[in-house]
Amino acid sequence: MAAGPMKMRASLGAGFTDVRVLMTHPMETGLRKDADGKIVPQHFIQNLTVKMNGKTVIDAQISQAVSRNPVFSFRLKGGAKGDKIEVSWLDNHGESAAIEAAVA
Amino acid sequence: MNPLRRTLIAALAFAIARPLAALAAWNKEAFSAKTPGDALKGLGIGNATPSKDLQIEAPEIAENGAVVPIEIASAIAGTSALIVMIEKNPFPLTARFDFKEGALPFVKLNVKMGETSDVRVLAEAGGKYFTATQEIKVTIGGCGG
Amino acid sequence: MRRTALALALLAPAVWADPTPQDIQRIMQRDFHPRGQATMERVVQDGVQRVCTETHDRPPPDLAKALEADQMKTIVYPEGSLMGDWRRGEAIAQGGRGLTWNDKPGDPAGGSCYNCHELSPRELSHGTIGPSLRRFGSARGSSSEVQRYVYGKVYNAKAYNVCSQMPRLGASGTLTSAQIKDLVALLLDPASPVNE
Amino acid sequence: MRLIAFAAALFASCAASAQDVGKEIQRYRQMVAEGSPAELFELPGEELWKKPQGPKNVSLERCDLGEGPGVLKGAYAHLPRYFKDADRVMDLESRLLYCMSTLQGRSRDEATARVFGSAERPSEFELLSIYIAGESRGVRIEPGMSQPKEKATYELGRALYFHRVGAWDFSCASCHGDEGKRIRMQELPVLYKPQYARPVIASWPAYRVSTSQVITLQWRMNDCYRQMRTPEPTFGSETTVALIHFLTVTARGEPYHGPGNKR
């Protein structure tokens, strides 16, 4: 399951918006062998973007050393109920996925 | 010009040919580096000053190297990027987060650790670099059967 | 094991009226299936398992003594020194494989020692079900009597404490005689990290 | 290249005492639990629940998990329980198997060909369990305990818990029998006591971080018996259901707060 589902929760914290996002991704290091002893090719997310109301607020580059099915928490300044948060990723195979949620 | 910007521009040029990768820069040189020193070189970082305002919240002992939670927060004014490096991993550079206007310099993520290692965090603020480390011991959990 | 059977006949009605270990055994024979090296004989309780189940691991002292004497007879001591190589012993103590349905029969097994015991101070990840064995040798020396005790205890822990939670690592065919000697060295060799 | 000068002394590691080790491992577990990917599997689980399958090409949506056909809210928190149609006590997984057979017309062999999946491909039972359990969040755990068969299953589970068996002479209580014990770094809950059973049972099924896999209580029973060096318990058998029932009854009253995270 490469580009499987994503989940996100954006909630108001103490003066900031707390964003927690889950992604389905194997994050293969290229060092692991499968049950038949064959090397599983590298397959991992390289880029992450967090947008708030359409404006990019965080750009990230990550490596294969981020755990499988990545979980990230971020904090955005201010924020109000209903603000739109969007998180997207792009992996080394050119696959991508995105999720959008309103601040609750 | 620092290597990061050079890569960024290269990626931008590439993006014209491949719309899918639009705006996505991934610093191949730094992420392919096999030592922390080479990774810093790839990121264009020369000097970094130890700072207590750069906080790492992580367990000192992780029961499983496949998932090690790390929380990083910078109280250094003007922090625009946080970098995570696991010194003893085959490829130490693990993540770089660039925070624009509207984001706080905070992140929590789960990383893989091949063995007990120092985890080094760097913060960029106003063109200067700050650093902090924490050792995380990786142990064996469960019955091993 | 006639002694065991007799004692069981006396004990059975008093404890666990419903369901009995015999009932459980029948149900397990119906609900389990053999897989790999894990064959169905393994759900048939022997005297030790039966008595310990019946008595919640607290058998009457006389019965315990009798069963321990029976178990002592299973221990086969090899000729010559009982001290192997502590380095190999450390690897055996770390390993947790062996005798499960997905272990390949014939592959060397581990002793699972660290699962329950503290041994070398360098291994932080150790269990606490059994007592700490740190400095086991420095406290007791490595005389032939101590070697014989450690060898026997690893070979068949039930010979010393009949309802011990420790597996009968030699008697069950988990570890070879050479492996048990390596564990004796891990505990008793003055050069072993256990005795740091 | 210029080397960075680091104050090595600042980071000197020292041998941690046993108590610190325990505390740090607890902190590790807590931090891992805060970011559980388990809910990622709720969506594919829901799709599977609604997907027509088997010779009858119908979905499981009319499956009665005890609260009426198709009712998911709170169903998991009230299992295992007695089902009149099957005349036996069932846990979630054995009930799902029953519905696959009766509603979808699938054979037992086909439906159970792959009950435990992998990180790449979780099994049907794993995905369905995560989805269905998620529909019981906040509902108090209250398995059936009024029917005679429910009481008998509980007693059977209790006896199994203390039954010493297998090549290594273990019972469940060999590891889960005394307070404050660990295997390696893993603390061992004394599962026949309510205060330990409650938080544990309320977080199954779960995501297991060491293998990136979804795991269910049927898997837990199976893998414990594997490590007890017995033959394999049959999926959904009375033995496995009885143990799950015994543990769940011991945990009753706890609000369900899974699907959780395990080592």
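## The contact between chains C and D

In this predicted model, where local features need pLDDT of at least 70, side-chain atom pairs count only at pLDDT 80 or more, and totals for chains, interfaces and linings use all residues, the contact takes 40 residues from chain C and 31 residues from chain D, two residues being in contact if their C-beta atoms, placed from the backbone, lie within 7 Å. Residues are numbered from 1 along each chain as its sequence is written, and chains are lettered from A and ligands numbered from 1 in the order in which they are written.

On the side of chain C that touches chain D, at least two residues each come from α2, β1 (32–33), α3 (47–54) and α6 (113–116) of chain C; helices (H or I, at least four residues) and strands (E, at least two) are DSSP runs, numbered from the N terminus. The most is given by α2(C), with five residues. By class, this side of chain C has 20 nonpolar, 15 polar and five charged residues, where Ala, Val, Leu, Ile, Met, Phe, Trp, Tyr, Cys and Pro count as nonpolar, Asp, Glu, Lys and Arg as charged, and the others, Gly among them, as polar.

Of the five pairs of chains in contact, chains C and D share the most contacts, whereas no contact joins chain A and chain C, whose closest C-alpha atoms lie 13 Å apart.

## Helix α6 of chain D

The 14 residues of α6(D) (148–161) should span 20 Å at 1.5 Å a residue, and the end C-alpha atoms are 20 Å apart, which agrees; the expected span is 1.5 Å times one less than the number of residues. Its buried residues are D:T153, D:Y154, D:L156, D:G157, D:R158, D:A159 and D:L160, a residue being buried if 20 or more other C-beta atoms, placed from the backbone, lie within 10 Å of its own, exposed if 12 or fewer, and partly exposed in between. These buried residues pack against α2 (21–31) of chain C, and also against β2 (88–90) and α10 (238–250) of chain D.

## Helix packing around α5 of chain D

Helix α3 (residues 92–102) of chain D packs on helix α5 (residues 124–134) of chain D at an angle of about 115 degrees, with their axes 11 Å apart; axes are lines fitted to C-alpha atoms, for helices over the stretch in contact, and angles run from 0 to 180 degrees between N-to-C directions. The two helices are therefore roughly perpendicular to each other, given that angles under 35 degrees count as roughly parallel, over 145 as roughly antiparallel, 65 to 115 as roughly perpendicular and the rest as oblique. In this pair, D:L92, D:E93 and D:L96 of α3(D) meet D:F125, D:L128, D:S129 and D:I132 of α5(D), and the contact has five nonpolar, one polar and one charged residues.

Helix α2 (residues 42–49) of chain D also packs with α5(D), at about 105 degrees and with axes 7 Å apart, and α2(D) and α5(D) are therefore roughly perpendicular. The residues of this contact divide into seven nonpolar, two polar and three charged.

## A helix pair in chain C

The axes of α8(C) (144–155) and α9(C) (177–188) come within 9 Å and cross at roughly 125 degrees, and the helices are therefore oblique to each other. Residues C:V146, C:Q147, C:V150, C:Y151, C:V154 and C:Y155 of α8(C) meet C:I180, C:L183, C:V184, C:L187 and C:L188 of α9(C), a contact with 10 nonpolar, one polar and no charged residues.

## Chain B

Chain B has three helices and nine strands, and buried residues make up 49% of its 145 residues.
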